[in-house]
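Here are my notes for your review. The points below cover strand pairing, aromatic contacts and charges over rings.

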Amino acid sequence: MTLPDPPSARSQTTAAPVVRARGLVKCFGALRAVDAVDFDIPAGRCFGFLGPNGAGKTTTLKMLMGLADFDAGELSVLGHALPAEARAIRARVGLVPQGDNLDPDFTVRENLFMYARFFGLSRSEVASRVDALLEFANLTHKAEARVDQLSGGMQRRLTIARALVNDPEVVILDEPTSGLDPQVRHVIWGRLAELRARGVTLVLTTHYMEEAERLCDELVVMDHGRILDQGSPGELIARHVEPDVIELRGAVSDGVFATLTSMALRVERHGTAVYVYTGAPGPILDFLGQPDGLTVIHRRAGLEDVFLHLTGRDLRE
């Protein structure tokens, strides 16, 4: 099944960013939820926002949609300035919110038709598109089912399909696979990769580091309303962490810890776990051998290591 190419893929003629933010500030009382951030989002790419709870990610997405005002700075989407042209932006953007807010009184098919009415689209205009979206979401067999008869994964796929009913050039996704099992997550990743391949610009927040590494061409790491760094997943990993990580779980003696510190570039102890960051894992693994009562895991560094290095390991409420 092939959805029609979005306008961005059909008529993209300039290198101008789809989203441009300069000095963007959003305050809630004395709290600066978004604190003077700058970023550009190129067309046809997947751009991610990573950060702990309360970092300012969702607030930033709401401002991109014109659903929240900002207190200072400049923000434009698809060449339209916010907040003055928010209505024009929403007509060309799809939104997948954190929670599924589908209408339980309608069937799967009717949810798509009813949502199309918000964009002034008639049933006849979107009939073929609705059929294509049902197939895209693997929901054709559930077209006449009520929403409360769907599994959580089906509801999430329907919410993504609904965001495409106006043939958007940009799709904004807030935690698109939160709470879903691995099988459903992989299906959704595949569908999002299809959209990106067709030229749709994807903007997402996620707490799944694997999701960010798989989908994002570029991302920012936010904390306390500020952007800590920006780049591709590979660039961020190379910039902030050593290539290899050896995790030790169990009782690591002070003597072993001291030896590891002398051998590695960086060693951190967190609770009962020790993390050894190195560019030369061989000698360290030889030193550790196969100790009784100690679990040794050797892996390549990833985005999760970058995330924890930049934002810390303290629990966020």
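**Notes on strands and rings**

1. In β9, Leu 219 is the bridge partner of Gly 48. This bridge belongs to the parallel pairing of strand β3 (residues 46-50) with β9, which runs over four bridges. Strands here are DSSP runs (E, at least two residues), numbered from the N terminus, and two strands pair if DSSP finds at least two bridges between them.

2. On the basis of the numbers: this is a predicted model, in which local features need pLDDT of at least 70 and side-chain atom pairs count only at pLDDT 80 or more, while totals for chains, interfaces and linings use all residues. Residues are numbered from 1 along each chain as its sequence is written, and side-chain values use heavy atoms, with hydrogens and water left out.

3. Strand β9 spans residues 218-223, and five of its six residues are buried. Buried means under 20% relative accessible area, with exposed over 50% and partly exposed in between (1.4 Å probe, protein chains only).

4. β9 also pairs with strand β10 (residues 226-231), in the antiparallel sense and over five bridges. Within that pairing, Asp 229 in β10 is the bridge partner of Val 221. The two strands form a hairpin with two residues between them, and His 224 in the turn has a positive phi of about 50°.

5. There are five aromatic pairs in the model. The rule takes rings of Phe, Tyr and Trp (its six-membered ring) with centres within 6.5 Å; planes under 30 degrees apart count as stacked, over 60 as edge-to-face and the rest as tilted. Phe 39 and Phe 49 have ring centres 5.3 Å apart and planes at 80°, so this pair is edge-to-face. Phe 39 lies in strand β2 (residues 31-41) and Phe 49 in strand β3, so the pair ties together parts that are ten residues apart in sequence.

6. How accessible are these two rings' residues? Phe 39 is buried at 2% relative accessible area, and Phe 49 is buried at 0%. Phe 49 also forms an edge-to-face pair with Phe 47, at 5.4 Å centre to centre and 65° between the planes. Phe 47 is buried as well. Phe 39, Phe 47 and Phe 49 form one aromatic cluster.

7. The charged end of Arg 185 sits over the ring of Tyr 208, 4.0 Å from its centre. Arg 191 lies over the face of Phe 136, at 5.8 Å from the ring centre.

Terms used: A charge sits over a ring if NZ of Lys or CZ of Arg is within 6 Å of the ring centre and within 35 degrees of the ring normal.
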